[in-house]
Amino acid sequence: MPAGLRLALPSGVRRPVPAASSALPHTPAYFVNGSRAVVLDAVVRRRTAASVFAGVLERELYRTLRQEDGVSYAINTGYQPRGDGHATLRALADALPEKQDALLGGFVDVLAKLRVGRIEQADLDAAVAKREDSLASAEADADRLPGCALNLLTGERSLTVDELRGELKAVTLADLHEVTREVTASALLMVPEGHTADWAGFVEAPTRSTHTVTGTAYRERQGDGELRVGLDGVSYVGPGGPLTVRYAECAAMLAWPDGARRLIGNDAIAMHIEPTLFDLHPGAIGVIDQQVAADRRVPMPARPPEKIPQPYAGGNRPRPAQRPEPVKRAGWEIPLMVVSGLAALAVGGLSLLLTLGMLLAEESDPDDGMLWGMVVFGWLLTVILALPIVLVRRRRR
């Protein structure tokens, strides 16, 4: 740390980082999300080899998914220490909807390739060289400051730049293979909607509860679900359920002034309760507040009225588009249209024959002027006779 640096922090006692927990009964696991990306999240031991592995994984994903297969554009990885001797390693790759099958298959193939030890020395050398270049930049100390602050807060020692260079050069392919096994053992994979990863050895992560509580049932104001408020917990039974959070196993409850509540269980099941969307008794939210421990309550800021979900009002519920009622046809319309049509057809036919005769005549006649007048009169009469048909059809529209 810079000599003479003093930070005006309040006095206190350094507390250990909370113990890590997981809601996954088995790993590697996967869950389905509506995103168009495949995301990997894993926990590994904090060490230089693991940070180098993140760079190697990104190079392999980029080469396979973008350069060779051409299915992904955005590819990146990350490595973040947690302060408890472990770190979180993440990897992401996206694809268009029509290429998500190839994306998931290629992503899993890359993991399988690294897991069996097929790691290129060139990728290791490139990842190490990239890290060494960053240590030689003018911003190296500034870039390392967040990590040093984390180490100071958690009681871990910060390596000097020379020590870090030495550890980078000492990383071997065997070290990376060991990190790969750690990644595989703790992996959680997010896959696009409509896909699974059980075929690759991943088990489905639990996203629903296996039980419900007994209590007072409140129906949804729109939909087929119901909310059950009991003395030991709350359950939602309906589409996407069942979901249950027991009060004794509630990790946190977000509370809004308008009465909305979000209960998050230790098993990562979350239940969001909007009083406006259920036929709740006025005292139901009070029962929930009394049963959840006070140190689990998280007050939330008030929401603008337009942000509070509302059920469709009777007159505002969207209705499917309906065709207008047909106009009843008057009794005189059909006879008028028939007579008008026949008359227009007869006069129009005569006018057409007369017009063709005049055009095909080889010699002019003194009476041609009168005949052309008859042609014009015939066509005008045809239009007049056909006019009732047009007016009746327009009236009906």
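**Helix packing and salt bridges**

In the predicted model, helix α7, which spans residues 284–291, has Ala-284, Ile-285 and Ile-288 as its buried residues. Viewed down the axis of α7, these buried residues fall within an arc of 100°, so they line one face of the helix. An α-helix has 3.6 residues a turn, so residues three or four places apart point the same way. The cover over the buried residues of α7 includes strands β7 (216–219), β8 (226–229), β9 (233–237), β11 (250–255), β12 (261–265) and β13 (270–273).

Helix α1 (residues 48–68) and helix α6 (residues 173–186) have axes that come within 9 Å and cross at roughly 85°, which makes α1 roughly perpendicular to α6. In this contact Ala-49, Ala-50, Val-52, Phe-53 and Val-56 of α1 meet Asp-175, Leu-176, Val-179, Thr-180 and Val-183 of α6, a set that divides into eight nonpolar residues, one polar and one charged.

The count of salt bridges comes to 23. One of them joins the side chains of Arg-36 and Asp-94, at 3.7 Å from N to O, and links the loop between β1 (29–33) and β2 (37–45), where Arg-36 lies, to strand β4 (residues 86–94), which holds Asp-94, 58 residues apart. Arg-36 is partly exposed at 43% relative accessibility, whereas Asp-94 is buried at 15%.

Note on methods. Residues numbered from 1 in each chain as written. Predicted model: local features only at pLDDT ≥ 70, side-chain atom pairs only at ≥ 80, totals over all residues. Heavy atoms only, no water. Buried < 20%, exposed > 50% of the residue type's maximum accessible area, 1.4 Å probe, protein only. Helix = DSSP H or I, 4+ residues; strand = E, 2+ residues; numbered from the N terminus. Arc of directions from axis to C-beta. Contact = heavy atoms within 4.5 Å. Axes fitted to C-alpha atoms, helices over the stretch in contact; angles between N-to-C directions. Parallel < 35°, antiparallel > 145°, perpendicular 65-115°, else oblique. Nonpolar A, V, L, I, M, F, W, Y, C, P; charged D, E, K, R; others polar. Salt bridge = Lys/Arg side-chain N within 4 Å of Asp/Glu carboxyl O.
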